[in-house]
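Morning, everyone. I have one structure to go through today, and I will keep it short. Please have a look at it first.

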Amino acid sequence: MATIKDVALKADVSVTTVSHVVNDTRHVSAKVRERVELAIRELGYVPNAMARSLKSNTTSTLGMLIPNSSNPYFAEIVRIVEDRCFGAGYTLVLCNTDDEPHRQSVYLQVLAERRIDGLIVVSTGAGTDHSDSLAKQLHGLRVPTVLVDREIADPACDLVETAHMQGGLLAVRHLLSLGHKRIACIGGPVGVMPSEQRIEGWRMALAETGATPDIANADALLWRGGFTSQGGYEAMHAILRTEEKPSAVFVCNDLMAIGALRAAHESGVHVPDELSIVGFDDIELSAYTSPPLTTVAQPKERIGALAVDMLLERVGGKRRDARKVVLQPELRVRASTARHASFREAAAPASSAAPSAATPSTENRKSRTP
């Protein structure tokens, strides 16, 4: 691999002159610059980014930690973040922690050694101890940090997240409006705040309808799927084995909902005629399931763009105080939800009362016969 000395020798200039051309730190005549740039191209010289960063104290590199790269929600967020970084002249170093706190800690150290200018974190793990440990490590890195989706106890970090509890309310209110009363919930990992907040939205929506035995024993209808398709699949099979089955299920992310749809299909339960299902996230795949999934949409474009923009504000010294942004979700109604059977039965007499509106008369039928 060619070195800066090789370039200087070929261009017949000093190493300092090559450095000035590469880093644009001092005026160099057009003739000399052209000679140096030609030597760089011919030798395939690549400047040492780390050495340059030591001089400028910046690397134009941002880091990002996500807990599960196989989850399409995080993959879609990463793509938005990466596009935004690239457009701003920054490269992105991505680390997948696989929801393991130890791996997260190791990757944070690796990113610190790479002298990143800023960090975007979707945290791993759950509980106060983990939150405190992560906050302490982030504080030690001394780089601007934006938290996405999962809040921790660090007042120095920016935060961008969705109103998860409001999303749970939207989902369950939709099911209640369709006449469903016995509504189960498949939640994510215990202690992970977005999941707990979505579950709280489920509880609140049920409570709004009044005290009934189902609502009073709501936790008997709560299952856990770990935010994975396999987890949702297993939880739905368990739900369908219960003696008193629900007529609807709120699933706390789309990946679990896709697993739940498969379980329902394998069990011979027709969605939505026999069971309505609502997911959460609105990943791209949710519109292509069978049937297409009704889901609560997180504003992923805004989440990714805001995370990068807020981080670059701190990197550029335009803002010092931490900022928290909570975005509102929206319900995307598709074909995985339908009216409860009791609603459909109640509506049937009204439709049969006017057969002439739905059935053409004999005269009309004859008039259309060729």
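Predicted model: local features only at pLDDT ≥ 70, side-chain atom pairs only at ≥ 80, totals over all residues.

The protein chain has 370 residues, and 46% of them count as buried. Its secondary structure comes to 16 helices and 12 strands. The accessible surface is about 19,000 Å², with 53% of that belonging to carbon and sulfur atoms. As for contacts, take those with a separation of 6 or more: 72% of them are between residues 24 or more positions apart.

Now the sheet. In what order do the 6 strands of the open sheet run? The order is β2-β1-β3-β4-β5-β11, and the pairing is parallel. At the edges are β2, residues 91-96, and β11, residues 324-327; each has a single partner strand, so one side of each has no neighbour in the sheet. From one strand to the next, the twist averages 15°.

Let me take one pair within it. β1 covers residues 61-66 and β3 covers residues 118-121, and the two pair in the parallel sense over 4 bridges. Met64 stands opposite Ile120 in β3.

Next, the helices. Helix α5, residues 72-87, packs on the sheet and touches β1, β2 and β3. The direction of α5 makes about 175° with that of β1. Helix α13, residues 300-315, lies across β1, β3, β4, β5 and β11. Here β4 is 145-148 and β5 is 158-162, and α13 runs at about 175° to β5.

That is what I have. Questions, please.

Technical notes:
Residues numbered from 1 in each chain as written. Heavy atoms only, no water. Buried < 20%, exposed > 50% of the residue type's maximum accessible area, 1.4 Å probe, protein only. Contact = heavy atoms within 4.5 Å. Areas by Shrake-Rupley, 256 points an atom, 1.4 Å probe, with all protein chains shown as cover. Pairing = 2+ DSSP bridges. Axes fitted to C-alpha atoms, helices over the stretch in contact; angles between N-to-C directions.
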